[in-house]
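Hi everyone, thanks for coming along. Let me put the sequence and the structure up, and then we can walk through a few places together.

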Amino acid sequence: MSQNSNFTTIDPRFYSGPLADRHDPSKCPLFQPLKIGNMNLSHRIVLAPLSRFRADSTHVHREIAQEYYGQRVTKGGFIISEATFVSEELVGQRHAPGIYNKEQIAAWKTIVSQIHDKGGYIFIQLWATGRAGDPAVHDELGTRLLAPSPISIPGDGSEYEEGDHRVPEEMAKEDLKRVVGQYVAAAKSAVEEAGFDGVEIHAANGYLVDQFIQSVSNQRTDEYGGSIENRARFPLEIVQAIAEAIGQERTAIRFSPYSTFQSMRMPDPVPQFAYLTQELRDRFPDLAYIHFIEGRVHGNSDVASTIPETSDVFREIWQEKDTERGKQSVFLTAGGWSPENAAKFVREKGGAVVFGRAFIGNPDLVDRIKRGLPLNDHERATFYAPQGPTGRKGYTDYPFARASKDEL
């Protein structure tokens with residue numbers, strides 16, 4: 001990408017609405033401090049977990065990833081890492097990082113250290129693809145394509161895969177116990193060895209944990225399926241095991257109740273995710289945060305909807321007992337936010353807003369919002385291109401804004 005990249009136009013309300021006081025941290029909602037777990041954030045603009053497929057063939061991050069994360073760290077800022085495999089058994093994509101061997105842990109430790117050196121914070125997102133994994137990758141590794149039920153993704157349901165949509169193998173109870181242990185081991189490696197500030201469990205976008213939660217992909221007849229309570233059992237077991245291992249304040253989880261990505265979405269997702277939210281609130285009152293993707297985003301695409309599918313119902317449940325407890329339960333929202341709308345949301349409802357695509361095209365997004373500068377366009381074609389550790393295009397080559405004359 002050239003240094004003459006096009007710029008997008010910022011809504012004029014940016015200068016007169018909630019962001020009018022962006023230079024004054026005491027007034028602008030996005031630049032007010034927020035405590036999440038053990039972290040003291042200086043602003044509420046969070047880098048989303050973005051799969052970029054730049055690890056090497058052994059799922060180890062190289063120098064290019066250090067540059068990518070280093071470009072986007074801010075003092076007091078919060079980063080959620082890209083989805084990261086918890087074990088070799090559960091690897092389902094090429095060039096995505098892992099956290100299950102010493103070389104992977106060491107690579108992540110280098111990235112985490114530079115973020116901490118610059119005053120930032122980072123959680124790792126723990127991932128397993130389940131039925132959404134690439135069968136060819138599993139064949140190469142000699143591992144099984146596992147899922148809650150033997151239900152494949154229809155041929156047009158996956159954004160990344162073409163051709164082979166084989167039926168996955170239903171996980172036995174022994175598999176479930178083993179996988180929970182792998183999540184715990186990954187969480188401990190991330191926090192105790194790589195130095196992450198905590199972990200976010202990826203329970204969204206049609207991957208393994210989400211597959212257990214939703215009836216479209218879980219048709220089990222045992223205690224892990226068939227009812228709202230049973231479909232919530234596996235994610236709750238993972239949360240409990242991780243929280244016991246590293247602490248609730250270092251544990252978080254992400255959901256996408258309304259997304260149809262990878263042929264997901266229950267006929268009525270609200271009761272299922274409301275139950276999960278309530279159970280998390282009651283069982284884990286010190287959880288770092290919960291993170292919801294809004295209904296206007298499916299995968300990496302915006303969608304038009306005439307139904308007001310927002311995460312408000314889940315946020316209200318999550319924060320229902322805050323007054324009684326004398327604490328603030330942190331709620332993160334992601335999905336197509338503009339700086340203006342994000343500031344309005346935080347002013348009215350609190351929490352923090354998670355930016356994805358805007359952060360891809362603007363490594364200095366926080367500074368641009370604070371200074372009222374236009375944003376770079378992003379190149380969607382490079383979002384998920386499995387380029388490995390040599391793929392700079394659309395990854396580390398987006399330009400930073402020039403300093404204004406009064407800052408030179």
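Let's start with a question: which are the buried residues of helix 1? They are Ile64, Ala65, Tyr68, Tyr69, Gly70, Gln71 and Arg72. By buried I mean under 20% relative accessible area, with exposed being over 50% and partly exposed in between, using a 1.4 Å probe and protein chains only. Helices here are DSSP runs of H or I with at least four residues, strands are runs of E with at least two, and both are numbered from the N terminus.

Before I go on, a word on what you are looking at. This is a predicted model, where local features need pLDDT of at least 70 and side-chain atom pairs count only at pLDDT 80 or more, while totals for chains, interfaces and linings use all residues. Residues are numbered from 1 along each chain as its sequence is written, and side-chain values use heavy atoms, with hydrogens and water left out.

Now the overall picture. The protein has 13 helices and 14 strands. It has 408 residues, and 59% of them count as buried. If you take contacts (heavy atoms within 4.5 Å) between residues at least 6 apart in sequence, 74% of them join residues at least 24 apart.

Back to helix 1. Seven of its 10 residues are buried, so helix 1 is largely enclosed by the rest of the structure. What do those buried residues pack against? The partners are strand 3 (45-47), strand 4 (78-85), helix 2, strand 5 (121-127) and helix 12 (357-361).

Let me pick out helix 2 from that list. The axes of helix 1, residues 63-72, and helix 2, residues 102-117, come within 10 Å and cross at roughly 25°. The axes are lines fitted to C-alpha atoms over the stretch in contact, and angles run from 0 to 180 degrees between N-to-C directions. The two helices are therefore roughly parallel to each other; that label covers angles under 35 degrees, with over 145 roughly antiparallel, 65 to 115 roughly perpendicular and the rest oblique. Helix 1 brings Ala65, Gln66, Tyr69 and Gly70 to the contact, and helix 2 brings Trp108, Thr110, Ile111, Gln114 and Ile115. Sorted by type, these residues give five nonpolar, four polar and no charged. Here Ala, Val, Leu, Ile, Met, Phe, Trp, Tyr, Cys and Pro count as nonpolar, Asp, Glu, Lys and Arg as charged, and the others, Gly among them, as polar.

Next, two histidines in loops. Histidine 59 lies between strand 3 and helix 1, and its phi is near 70°, a positive value in a residue other than glycine. Histidine 59 is buried, at 8% relative accessibility. Histidine 95 sits in the loop between strand 4 and helix 2, with a positive phi of about 65°. Histidine 95 is buried too, with a relative accessible area of 19%.

Arginine 281, in helix 8 (residues 269-283), is buried with a relative accessible area of 4%. Leaving aside residues up to four places away in sequence, arginine 281 touches Ile317, Trp318, Glu320, Lys321 and Arg325. Arginine 371 belongs to helix 13 (residues 365-371) and is buried at 17%. Its C-alpha atom is 10.0 Å from that of alanine 401, 30 residues apart along the chain.
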